[in-house]
Amino acid sequence: MKFLKKAAFLTTAAIMAGSAISIAACGDSDLEDTADTKKVLMWINKTLEQAEGGVYKSLAESFNAADFKTQDGRHIEVVLRSQTDAETLQSTLQTAKASGNRFPDVLAVDAPKIAKYQKDGWIRDISDYLTAEEKADYMDSVIKQATIDGKLYALSAMETPTALYYNKEIVTQEVLTRAGVSSYATPQNPWTWDELAAVLGQINGNAAKIDMTYGFGGNAGNFYFYAPLVDSVGARVCDPATGKLTGNLDSAESVNAFASLGKVNRYRYSGSSQYALVTGEAAFVIHGPWLLNNIVASQYSSQLDNIGAMPMPVVVKTDGTTRGKVVSGCGSWCLGVSPDTKDAYASAQVVKYFTSAEASMKYFEAIGTFPTHKSAYEGEDVNEDLQTGAYKEVSELMAYASPRPVSVYTGEYELAFKDIIDYIRTNTDLSGIQSKISSISSTHDTYIR
């Protein structure tokens, strides 16, 4: 049932996106307010032909049909503009700001860039436009990643908890028993990296592999997947006051956490198939939740029941006995309101609608990001997918989601993580990792002022 439901939505989104090209191609004439209508210009980072863009389009149509009102009683109408991709959106925003051209009222912003956009004056505080009840329904990670000095600058309909996925046909109870592990990991009883290595060592044949997703999504991917290592042992990526890495990212506990990756490096999957987990080429993969959606949409959809999800392994701290806490990486694209908007109330209504519980379920069905509202996981009407199998196991990790640092220097942190992961990936001997991470921290600190 879940396969048909997701496929149906994808088809619907594609049809709607295909019929909506005219919206992206309109001229500025459609941006003029009238006595009866307030136009809210929204820029997004996807094309309308893509599944995610199709969701934006369907939400715009339903918002405009719902007749939301401004405080003075006018109809609010969303004018949706695709900026194709993240890079194009960024450059177009810069050009509009520098030239004085029309800046969007509502804009998409990737979670790690929220602090930078706020500092540059691209997004404004929207705290006054949410009731306490509305705010409380968003997952804590969504609010935390967008809060600066007690003010809220963005909201999201998409959350992306990281997990350690495994193939149940390869990682059997017999394998666990031989490895000295009693059961599959849970948030309440997580594995350590040593235990994961022990399990990998007991898998026969070429399937004794783990896809570490090093470099996935470029520099941002390494930061997304492996910042939780640092957080899990109570260390910090950076000094929250200065933004500096030295004394934080290169602390003893942080370095020990990174070194834990070396425990499983020799089992690392070296292929490039995105379906290695379901085909048996890899026993494990560290990935985001959209992995499940990719499987559903592929020729391997029948294999989904063979896939399980557990929390990322925890690190044994430097005292040799204490385990770190379970932490899941998270963070996705959000929506913010521009300080240039002529009607912040109207723009905020758009942001709330496009990041509502209903909107987040549409994204879940279309692209596999998880709902950002607590109400989506409670009560009798919870989506059936969220109640079973790997989807349920991933949903349980939402409570352990920890955002990356809210900082204007996240671009520099991403580069630092790339350097660290490259070192771990290319060295079998990690005895020099302390000096290496200290050197990396110092190097990148020169760009943090």
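User: How do the residues lining the largest pocket divide by class?
Analyst: In this predicted model, the lining of the largest pocket divides into 13 nonpolar, 12 polar and 10 charged residues.

User: What volume does that pocket have, and which residues are closest to its centre?
Analyst: The largest pocket has a volume of about 1,100 Å³, and of the 35 residues that line the pocket, Ala 86, Asp 110, Gly 217, Ala 220 and Trp 333 are the closest to its centre.

User: Which helix supplies the largest share of that lining?
Analyst: The largest share comes from α17, with 4 residues, while the helices that each supply at least two residues include α3 (51–66), α4 (86–99), α5 (114–119) and α10 (219–232).

User: And the second largest pocket, what lines it?
Analyst: The second largest pocket, with a volume of about 600 Å³, is lined by 24 residues, and Cys 238, Pro 240, Arg 404, Pro 405 and Val 406 lie nearest its centre. Its lining divides into 15 nonpolar, 4 polar and 5 charged residues, and α10 gives the most, with 4 residues.

User: Back to α17, at what angle does it pack with α18?
Analyst: Helix α17 (residues 410–426) packs with helix α18 (residues 433–445) at an angle of about 155°, with their axes 10 Å apart. Angles over 145 degrees count as roughly antiparallel, so α17 is roughly antiparallel to α18, and α17 passes α18 in a right-handed crossing.

User: Which residues meet there?
Analyst: From α17, Glu 412, Leu 415, Ala 416, Asp 419, Ile 420, Tyr 423 and Ile 424 meet Ile 433, Lys 436, Ile 437, Ile 440 and His 444 of α18. By class, this contact has 8 nonpolar, 1 polar and 3 charged residues.

Methods: Residues numbered from 1 in each chain as written. Predicted model: local features only at pLDDT ≥ 70, side-chain atom pairs only at ≥ 80, totals over all residues. Heavy atoms only, no water. Axes fitted to C-alpha atoms, helices over the stretch in contact; angles between N-to-C directions. Parallel < 35°, antiparallel > 145°, perpendicular 65-115°, else oblique. Left-handed = near helix turned anticlockwise from the far one by under 90°. Contact = heavy atoms within 4.5 Å. Nonpolar A, V, L, I, M, F, W, Y, C, P; charged D, E, K, R; others polar. 1 Å grid on protein atoms, 1.4 Å probe; cavity = no way out; pocket = protein on both sides within 12 Å on 5 of 7 lines; lining within 4 Å. Points joined across faces, edges and corners; volume = space filled by probe spheres on them.
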